[in-house]
Amino acid sequence: MGESESAKKIEEEVRRVVEQAKELQDSAASFISKASADDQSLRNRAVSLDSSIRRLHSLLSHNDHNLLDPKLADKLEEDLQRARCIMVDGDAASFLPPKTQGGFLKMFLGPINVRASQKDVQLKVKEEYNSYRDRTALLFLFFPAALLILRSWIWDGCLPAFPVQLYQAWLLFLYTGLALRENILRVNGSDIRPWWIYHHYCAMGMALVSLTWEIKGQPNCAQKQRGVQLFLQWAMMQGVAMLLQNRYQRQRLYTRIALGKAKRMDVVWGETAGVTGQLWLLCPILFAMQGFEAYVGLQLLKTAFIGVVSEWQVFFCGILLVLMAVGNFVNTVQTLMAKSRFKAKMKRSKSKPEL
């Protein structure tokens, strides 16, 4: 008798659990259906508002017939930029159409969606990218410095092949990591210039090819390794420039974000986001580094043409270095010109008492 009652209780409890599971499923389906409808409504509103901002920005940019006073047009354009920052920096950003993922991300990660739906997750991606740059900037400076010091003190002026190839393998890892992170940041709303990502693609290709480059030794080691030595010296300059950018420019970017002139997902790279005093320090270093990069590339081409080191890898790396130097120079000049135009516009939009 007791066993029969226990069996009934268990049967009733199982039946009750099954009913509760069905009710929970119905409630969840109803909630998801309602949330999907609300989600689609918010997406439509976000797309419509984004379209209006773009249309008004286009009208203000083509104020050729002076329909608006220039000062008023500049103020309205600044207000539009602030509205745009509010949209892309807030929770509404998750309802904007996502940027298409490039072939680079699909090649490494497959067809998965790397866009974060929550802003705090996006910001964590950005902070991890900044931390990665901080860590690699120090290695970018000390790794080639250690190789050059050991070359003079221990290796009698002739670099062994293995330490150089280990450094080149680290460069391949570094640039691949940077390119992956920057592509993910672009998908999540960052404004990284496409050139800097393409620059890292070129650097990846150069690092990969240089791994197959036979490092020549004695005899005549100094002449055969002249290109490698110059490249290591250039890498040290690059490390110094990265440390300066990380230290000075990020604080300026935080200020621009607070003023509504930049998005929280924006990052500093190259020569962007510096104030006047910082640009006086950074620009000579950047231009010197770009000139030296082109010089290293030309030296590699020279050693390939005169037959000192005639492998195709030397010729390929020389061409890539020259192309990257020219691209970096052009983008630096374009950014400085855009910065100058922006400052001139800001001065025009202010009255003399405000200045």
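The structure is a predicted model in which local features need pLDDT of at least 70 and side-chain atom pairs count only at pLDDT 80 or more, while totals for chains, interfaces and linings use all residues. Residues are numbered from 1 along each chain as its sequence is written, and side-chain values use heavy atoms, with hydrogens and water left out.

We can begin with the overall architecture. The chain holds 10 helices and zero strands, where helices (H or I, at least four residues) and strands (E, at least two) are DSSP runs numbered from the N terminus. Of its 355 residues, 40% count as buried; buried means under 20% relative accessible area, exposed means over 50%, and partly exposed lies in between, with a 1.4 Å probe and protein chains only. The chain exposes about 20200 Å², of which carbon and sulfur atoms supply 63%. These areas come from the Shrake-Rupley method with a 1.4 Å probe, and for residues only the protein chains shown count as cover. Among contacts (heavy atoms within 4.5 Å) between residues at least 6 apart in sequence, 77% join residues at least 24 apart.

Residues 136–154 are 95% helix and 0% strand, with their end C-alpha atoms 26 Å apart. Residues 312–338 are 100% helix and 0% strand, and here the end C-alpha atoms lie 39 Å apart.

Turning to the interior, a nonpolar core is a set of buried Ala, Val, Leu, Ile, Met, Phe, Trp, Tyr and Cys residues joined through side-chain atoms within 4.5 Å. The largest such core has 53 residues, and F140, Y167, L171 and F231 touch the most other members. At least two residues of this core come from each of α3 (103–109), α4 (119–153), α5 (161–187), α6 (194–210), α8 (226–258), α9 and α10. Helix α5 gives the most, with 12 residues. Y167 is in contact with F140, F143, P144, L147, F231, L232 and A235, leaving aside its neighbours within four places in sequence. A second, separate core has eight residues, including A46, A73, L80 and L96.

Helix α5 also holds Q168, a residue that counts as buried because its relative accessible area is 7%. With neighbours within four places in sequence again left aside, the contacts of Q168 are A207, S210 and L211.

Charged pairs come next. Side chains of opposite charge can pair when their charged atoms come close. The structure holds two salt bridges, each defined as a side-chain nitrogen of Lys or Arg within 4 Å of a carboxyl oxygen of Asp or Glu. In one of them, the side chains of E11 and R15 meet at 3.1 Å, N to O. E11 and R15 are separated by about one helical turn, because they lie four residues apart in helix α1 (residues 2–61). E11 is partly exposed at 47% relative accessibility, and R15 is partly exposed at 44%. The other salt bridge joins R181 to E128, with the closest N and O atoms 2.9 Å apart. This pair links distant parts of the chain, as R181 in helix α5 and E128 in helix α4 are 53 residues apart. R181 is partly exposed, with a relative accessible area of 23%, as is E128, at 33%.

On the surface, F305, I306, F315, I319 and L323 form a nonpolar patch with about 510 Å² of accessible area together. Patches are made of residues with over 30% relative accessible area and no salt bridge, with like charges joined within 9 Å and nonpolar side chains (Val, Leu, Ile, Met, Phe, Trp, Tyr) within 5 Å. Helix α10 (residues 312–348) contributes the largest share of the patch, three residues. F305, in contrast, lies in helix α9 (residues 276–305) and counts as exposed because its relative accessibility is 64%.

Finally, T100 is found in the loop between α2 (70–89) and α3, and T100 counts as exposed at 75% relative accessibility. The C-alpha atoms of T100 and N113 are separated by 9.7 Å, the two residues being 13 apart along the chain.
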